[in-house]
Amino acid sequence: MYRHVVQYYETDKMGITHHSNYIRWMEEARIDFLSQIGWSYAKLEEKGIISPVVAVECKYMQPTTFSDTVDIEVIVREFKGVRLKLKYIMKNDKGNTVCEACSEHCFLDEKGIPIKLKKEYPLFYNALIDCCSF
């Protein structure tokens, strides 16, 4: 679980969190998730693995405002070795879902060539498989 506190600069003139910030929070939560399973983004980069975003989808359900606490659960929805689909459930401190979102990532080497993690990085592959919820 990743926790984010809404900052003043993340809100708009109406005092509501600007929608683009939820995508930033997804990135923060994803980086935290990778660290929790023992594969920090720094470690991935050291090994020459990059993981660009190929798709994002957000469903905004309730607004958040300055100083709200948002807990973000990251769930592995699909993983087939090259592409990873993550789901994010964001809840406020009352337990209400404020946003549900998904992101899709692929794994490439430094030349931009897809990596078959099962063959080339089996420890990372297994760490992701162990987190799968499908």
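Helices here are DSSP runs of H or I with at least four residues, and strands are runs of E with at least two, both numbered from the N terminus. With those names in hand, welcome to a few close-up views of a predicted model.

Figure 1. Five strands make up an open sheet, and they line up as β1-β3-β4-β5-β2 with antiparallel pairing. At the edges sit β1 (2–5) and β2 (53–60), each of which pairs on one side only. From one strand to the next, the twist averages 20°.

**Figure 2. β5 between its two partners.** Strand β5 covers residues 97–106 and runs antiparallel to β2, with seven bridges joining the two. β4 and β5 form a hairpin with five residues between them, and in the turn Gly95 has a positive phi of about 85°. Seven of the ten residues of β5 are buried, so this strand is mostly covered.

**Figure 3. Helix α1 across the sheet.** Helix α1 lies across β1, β2, β3, β4 and β5, and its direction makes an angle of about 115° with β4. Its 17 residues reach 25 Å from the first C-alpha to the last, close to the 24 Å expected at 1.5 Å a residue. Which residues of α1 are buried? They are Asn21, Tyr22, Trp25, Met26, Ala29, Arg30, Phe33 and Leu34. An α-helix has 3.6 residues a turn, so residues three or four places apart point the same way. After α1 comes Gly38, with a positive phi near 90°.

**Figure 4. A closer look at Arg30.** Arg30 belongs to helix α1. Is Arg30 buried or exposed? Its relative accessibility is 3%, and because the cut-off for buried is under 20%, Arg30 counts as buried. Setting aside neighbours within four places in sequence, the contacts of Arg30 are Tyr41, Ser51, Val74, Leu86, Tyr88 and His105.

Figure 5. Asp71 is found in strand β3. Its relative accessibility is 19%, and since buried means under 20%, Asp71 counts as buried. Not counting residues up to four places away in sequence, Asp71 touches Met1, Tyr2, Arg3, Ile89, Met90 and Lys91. With one of them, Arg3, the side chain of Asp71 forms a polar contact of 2.7 Å.

**Figure 6. The buried side of helix α4.** Helix α4 spans residues 122–129, and its buried residues are Phe124, Tyr125, Ala127 and Leu128. Why do they fall on the same side of α4? They cover an arc of only 160° around the axis, which puts them there together. What do these buried residues pack against? Their partners are the helices α1 (20–36), α2 (41–46) and α3 (117–120), along with the strands β3 (69–79) and β4 (83–91).

Note on methods:
Residues are numbered from 1 along each chain as its sequence is written. This is a predicted model: local features need pLDDT of at least 70, side-chain atom pairs count only at pLDDT 80 or more; totals for chains, interfaces and linings use all residues. Side-chain values use heavy atoms; hydrogens and water are left out. Buried means under 20% relative accessible area, exposed over 50%, partly exposed in between (1.4 Å probe, protein chains only). The arc is that of the directions from the helix axis to the C-beta atoms. Contact means heavy atoms within 4.5 Å. A polar contact is a pair of N or O atoms within 3.5 Å; within protein, one must be able to donate a hydrogen and the other to accept it, and residues adjacent in sequence count only if both atoms are side-chain atoms. Two strands pair if DSSP finds at least two bridges between them. Axes are lines fitted to C-alpha atoms, for helices over the stretch in contact, and angles run from 0 to 180 degrees between N-to-C directions. The expected span of a helix is 1.5 Å times one less than its number of residues.
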